[in-house]
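Please take the sequence and the model together, and follow the paragraphs below from strands to a helix and then to the nonpolar cores.

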Amino acid sequence: MFLTKAISAVRHYLPTSAYSLKLRILLWVLLFVLVGIWGLAAHVAAVLRADLEQMAADHLAATVDYVVKDIDKKIQLRIEALQEIAATITPEILADSAKLNRLLEQRNISRQLFPIGIFVANRQGVNIAEHPRVEGRLGGSVADRDYFRGIMAGGKLVIGKPIQGRFWKQAISAIALPLHDSSGATAGVLLGAMILSGPELFGQLEQTRIGKTGFFLVVSPKDRLIVSATNKSRILTSLPAHGVNVVVDQRLDEGVESVMVGVNSQGIENLSVSRKLRTTGWITIAGISSEEAFAPIEKLKQRIYFAALLISLALVLVLRYILVRQLTPLTEISSAMRLMSHEEKAFAALPVRRDDEIGQMVESFNGLVEERKRAENIAEQYRTIIQISIEGFWITDVSTRILDANEAVCRMHGYTREELLRLSIHDIEVDESPEEIAAHTREMMETGHVQFEARHRRKDGTIINVEVGVLYVPDLSERLFAFVRDITERKQNEAKLRQAASVFSNSQEGIMITDGQNLIIDVNRAFSHITGYERDEVIGKNPGILGSGRQPPEYYAQMWEALREHDYWRGEIWNRRKNGEVYAEMLAISTVRDTAGELQHYIGIFSDISQLKTHEAELHRIAHYDPLTGVPNRRLLADRLGQAIARARRGGKSLAVCYLDLDGFKPINDKHGHAAGDLLLVEITERLKGVLRAEDTLARLGGDEFVLLFTDLPQHSESYLVFDRVLAAVSTPVLIDHALISVSASIGVTLFPSDDVDADTLLRHADQAMYRAKEAGKNRYHLFDPDHDRQMRAHRYHLQRLRVALENDEFVLHYQPKVDLISGAIIGAEALIRWQHPEQGLLLPGEFLHYLDGSDLEIAVGEWVINSVLKQIVTWNAVGLTFTVEAVEKPDFSATGHHKWHETIRAICHFAD
């Protein structure tokens with residue numbers, strides 16, 4: 001690829017017709033020589049750098065290995081010295097502080113190993129012995145130190161976290177060993193405090209430098225703490241945050257001992273080597289800046305590249321001299337061709353004046369001219385075909401600017417040809433950005449041909465889906481030839497098919513498709529889940545394999561008749577699963593026909609409604625039956641009573657409604673509890689069921705109230721025997737919890753059609769009769785009297801109407817004078833009441849006064865009469881007619897027991913003397 005691009009670059013500056021075989025060979029040789037020179041220079045530089053890097057890394061690694069081994073040896077020496085002391089400390093010596101101090105003095109470990117001293121702490125962390133003695137240290141506590149907690153938790157040797165010493169003011173660390181009691185448990189800790197920064201351990205490391213920029217660094221991975229460093233100011237400081245120094249972070253995170261080149265926290269690239277201290281687990285890192293480490297190779301690389309540049313320039317000058325001598329005749333021919341092109345002359349054959357390679361090239365060019373003419377004729381034919389094609393076609397350059405377009409693609413996008421030629425693919429492409437289109441174009445130029453789908457925006461803003469096939473011909477002025485087809489309708493159909501397939505597969509309802517002969521050709525997963533049949537078990541079979549036999553043949557005949565007439569049927573059907581279980585389903589069947597109306601398929605969609613059926617039955621039971629006794633409740637009783645009344649009217653027979661209330665039920669609840677009361681109600685219900693016939697109804701209205709409905713009674717006398725059996729069934733004692741419980745019943749009875757009212761009124765009349773039975777002594781039944789009830793209702797109506805008349809001031813008084821028969825003088829007047837009825841006119845006292853007897857309204861009307869008479873007397877006195885009240889009489893009906901208001905309440909008024 002590199003060579004091809006280089007040759008193309010050289011050709012760009014040379015006439016197209018100026019290449020002979022010799023010249024091409026010369027160009028290739030020159031190019032290979034140049035590439036070889038520069039490639040060799042780069043390779044030599046790379047090898048030298050790698051060798052120098054390895055040498056520098058090996059030198060650095062050897063230095064670090066020496067330092068690490070020396071430090072490990074020194075720390076191991078201190079550990080072994082402490083181990084020797086720990087082996088001599090027995091549980092008895094550990095328990096005696098004096099013996100323990102003497103033992104430490106006798107051992108007299110070199111002060112070079114532990115300049116600060118060695119200590120013994122008990123299991124509480126209190127220093128109980130030390131050497132050498134320092135005032136204030138004995139009795140101090142180390143319980144809060146990490147090495148003490150580590151010993152007490154693990155019982156093994158611990159190297160403590162490096163800290164700043166309180167007395168020595170240097171970086172120190174403790175080596176801690178466990179001391180055991182007679183049972184083997186950790187009873188104390190032997191400590192040796194060592195100075196890290198002195199000449200005993202890291203002093204030599206801190207003084208050592210590698211080159212000008214070299215450094216050493218010892219870090220504690222667990223604490224992310226710098227233990228020692230060439231830069232002493234960093235000792236006992238925390239490492240930078242994670243991510244600042246990649247070199248250190250990698251060593252701490254991965255724990256590797258390796259050589260690497262990386263950038264530190266100051267942004268300087270370093271060559272570094274890391275090694276791990278075996279005794280402490282600390283990591284020692286030695287490094288030097290890459291600039292210093294690789295400085296020699298950089299100078300050598302510059303010299304190599306300078307030499308390559310000089311050789312390349314010399315070769316170019318030689319090549320230029322050769323090209324000028326060889327290409328002069330070709331330049332002349334090229335100029336002639338450009339003149340012909342600029343003057344828009346037709347292509348014509350050039351004269352051949354030489355027999356060498358240039359002459360051969362001219363002859364070849366003449367042949368190309370003839371081929372070009374034939375090609376143009378063919379191209380013109382193709383352009384005509386493309387213009388009249390129903391497929392869209394356009395030509396673009398590599399920048400996707402539209403150069404040509406046929407009529408079909410213009411119609412497809414809603415533009416005229418002139419409008420479309422002012423646009424580029426960016427203007428009509430919907431989904432891809434200009435950058436993505438450019439990348440796509442480069443890919444097409446590399447592959448030469450590509451076919452893809454896209455979305456374009458028409459002139460009116462609507463979006464269409466298109467399928468595009470692109471051909472790239474690099475020899476034809478970097479042109480892209482594209483055929484465009486509108487596939488919007490196809491994509492919509494595919495989306496509908498995918499949607500239908502998704503609905504078919506993922507539907508929670510079973511779907512079954514049969515052919516015109518009603519043989520199953522496909523089912524979905526829900527079908528198998530509901531029926532238990534797998535798809536392979538039912539393909540090619542008749543749906544009749546699911547039949548349960550519950551529906552008669554007439555049911556299916558009606559279903560097929562509906563399908564023939566309406567191409568659709570929906571209803572409930574009972575089918576049988578593979579395991580034999582019968583279930584209810586809601587089924588909808590549709591007929592599928594082709595465009596000619598011919599039957600193609602049947603599609604059945606069904607859902608399992610067994611649970612819905614069970615739920616409906618349960619709701620029906622809860623809504624219509626008493627939960628305690630299981631007999632009908634008030635709602636179901638009302639329905640059955642309405643039906644019984646309708647049957648009785650059609651058949652001319654009687655029915656009886658019995659309202660039953662238990663006598664003494666509340667004391668049983670209070671004495672024995674509600675549970676016993678419920679058991680009593682259940683037992684009485686069962687007894688009453690034994691009294692009833694199949695066509696009769698027993699209902700519980702609530703509490704201890706029941707209603708018995710007896711239908712189709714031929715004679716009233718037969719019902720009386722049934723009422724007696726009911727009383728006997730209720731009054732029989734019941735054994736509940738080893739106790740005999742007895743109750744009785746008061747029954748109110750009304751008979752239809754003697755009491756010819758609606759269902760609600762029948763129940764109310766029976767309830768009224770039941771209260772009459774209780775008032776009469778209980779444990780009996782009482783028949784409702786319709787005539788007496790009508791009289792009472794009429795009396796109540798008239799009494800209410802009289803109350804309204806009094807409130808509306810509809811009563812009036814007429815005065816009848818009293819005359820002395822001897823003298824003929826008027827000696828008084830008698831007040832007579834009348835009712836000015838708004839609808840019936842003036843009514844006499846005999847038509848309404850008897851309804852007042854015994855009611856509170858009787859007194860109110862009497863007071864109204866008295867007040868009206870007194871007002872009238874006041875009026876008469878005002879006009880000179882003087883009257884006095886002689887007497888006011890109120891009739892007494894207690895003796896006769898019936899109404900004897902012949903006229904009204906009388907007020908006798910006399911003239912004053």
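Strand S4 (residues 163–164) pairs with S5 in the antiparallel sense over two bridges, where strands are DSSP runs of E with at least two residues, helices are runs of H or I with at least four, both numbered from the N terminus, and two strands pair if DSSP finds at least two bridges between them. This is a predicted model, in which local features need pLDDT of at least 70 and side-chain atom pairs count only at pLDDT 80 or more, while totals for chains, interfaces and linings use all residues. Residues are numbered from 1 along each chain as its sequence is written, and side-chain values use heavy atoms, with hydrogens and water left out.

Nine bridges join S5 to the antiparallel strand S6 (residues 186–195), with Leu191 in S6 as the bridge partner of Ala176. The hairpin of S5 and S6 has five residues between the strands, and in it Gly184 takes a positive phi near 90 degrees. Nine of the ten residues of S5 (residues 171–180) are buried, so this strand is largely enclosed by the rest of the structure; buried means under 20% relative accessible area, exposed over 50%, and partly exposed in between, with a 1.4 Å probe and protein chains only.

Turning to helix H14 (residues 434–447), its buried residues are Ile437, His440, Thr441 and Met444. Seen down the axis of H14, these buried residues fall within an arc of 105 degrees (taken from the directions from the helix axis to the C-beta atoms), so they line one face of the helix. On the other side of H14, Glu435 and Glu446 are exposed. After H14 comes Gly448, whose phi is positive, near 90 degrees.

The last topic is the nonpolar cores, each a set of buried Ala, Val, Leu, Ile, Met, Phe, Trp, Tyr and Cys residues joined through side-chain atoms within 4.5 Å. In the largest nonpolar core, which has 50 residues, Val120 and Phe202 touch the most other members. Helix H2 (residues 21–88) supplies the largest share of this core, twelve residues. A second, separate core of 33 residues includes Ile684, Val722, Val730 and Ile741.
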